[in-house]
Amino acid sequence: MDRNEGNDADGARQRIEHCFRRIETERMAGIPILNPAIRVEVVGLDRFGSEWLCILVTPWFMNIVLIPISHAAAEAGGTSPSAAVGSKSTVAFPAGGFEMIHGHEEGIGHYRMCSLFSPMHDFADHESAILAAQSARAALFEDDADRDVDADMAMIWRGERPLEHNLKKPAAGDDAREPSVAASHGREADEEKPDAGLSRRSLF
């Protein structure tokens, strides 16, 4: 049975979290980009076409993640087993088109991801990271006509820190950087900094 077979959301959540917790303890152990206040957690997992959609929070990144519900769904949704790790495709959300990087990990198979925050040092605690992930997940489904909601979240997407007295949701700090493929997949990344990538300003 394909490791992505079945439509059990709880099972998908467990596979994702187990995979990245293993990456944290094995491949990312001792790497200074880890924020020890943050733990691995899947936020807002739900069906999106033929894939599971979630925001994945880890001590080293926060990413939009799409994982096929089944092997057949992988082909239908563009996450083909033949897609090269590191190759890119664009996914259309109500908020706009997002460039996703193809990846593969033992335990979850092929998936696509888009970086929101990396590294995670601007988050003081896990709770603030989860609130930011929940806001990001909701913002994916806001179209342009509704974009004037939540001024604080709009500042986050521009790469700015909201004023503390207006803060409704804890925010990250300066412009986000997209992690290198090595860092995103938990490979050796201690010899080089993550590559500069898309800022939150370019997401919407």
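Guide: We will go through confidence, the sheet, the helix and the aromatic rings in turn.

Visitor: What is the mean pLDDT of the protein?

Guide: This is a predicted model, so confidence comes before geometry. Where pLDDT is low, the predicted coordinates should not be read in detail. Here the mean pLDDT is 76, and 61% of the residues reach 70 or more. Over residues 164-185 the pLDDT is below 50, although this stretch has 83 contacts in the model beyond near neighbours in sequence. Residues 187-199 are also below 50, with 25 such contacts.

Visitor: Now the sheet. In what order do the six strands stand?

Guide: The order across the open sheet is β1-β2-β3-β6-β5-β4, with antiparallel pairing. Strands β1 and β4 are at the edges; each has a single partner strand, so one side of each has no neighbour in the sheet. On average, neighbouring strands are turned by 30° against each other, direction ignored.

Visitor: How many bridges join β1 to β2, and how many join β2 to β3?

Guide: Six bridges join β1 (residues 41-48) to β2 (residues 51-57), and seven join β2 to β3. Both pairs run antiparallel.

Visitor: Which strands does helix α1 touch?

Guide: Helix α1 packs on the sheet and touches β1, β2, β3, β5 (96-105) and β6 (109-117). The direction of α1 makes about 140° with that of β1.

Visitor: Take Glu-17 in that helix. Is Glu-17 buried or exposed?

Guide: The cut-off for buried is under 20% relative accessible area. Glu-17, in α1 (residues 9-26), has 11%, so Glu-17 counts as buried. Leaving out residues up to four places away in sequence, Glu-17 touches Val-40, Glu-41 and Val-42.

Visitor: And the aromatic rings: how is a pair described?

Guide: A pair of aromatic rings is described by the distance of the centres and the angle of the planes. A search of the whole structure finds eight aromatic pairs. In one of them, Phe-20 and Phe-61 have ring centres 5.9 Å apart and planes at 80°, so the pair is edge-to-face. Phe-20 is in α1 and Phe-61 in the loop between β2 and β3 (62-68), 41 residues apart, so the pair links distant parts of the chain. Phe-20 is buried at 2% relative accessibility, and Phe-61 is buried at 1%.

Visitor: What kind of pair do Phe-48 and Phe-93 form?

Guide: Phe-48 and Phe-93 are stacked, with 4.8 Å from centre to centre and 25° between the planes. This pair also links distant parts of the chain: Phe-48 belongs to β1 and Phe-93 to β4 (residues 88-93), 45 residues apart. Phe-93 is buried, with a relative accessible area of 6%.

Visitor: Which residues form one aromatic cluster?

Guide: That cluster consists of Phe-20, Trp-60, Phe-61 and Tyr-111.

How values were computed: Residues numbered from 1 in each chain as written. Predicted model: local features only at pLDDT ≥ 70, side-chain atom pairs only at ≥ 80, totals over all residues. Heavy atoms only, no water. Pairing = 2+ DSSP bridges. Helix = DSSP H or I, 4+ residues; strand = E, 2+ residues; numbered from the N terminus. Buried < 20%, exposed > 50% of the residue type's maximum accessible area, 1.4 Å probe, protein only. Contact = heavy atoms within 4.5 Å. pLDDT = per-residue confidence, 0-100. Phe/Tyr/Trp six-rings, centres within 6.5 Å; stacked < 30°, edge-to-face > 60°. Axes fitted to C-alpha atoms, helices over the stretch in contact; angles between N-to-C directions.
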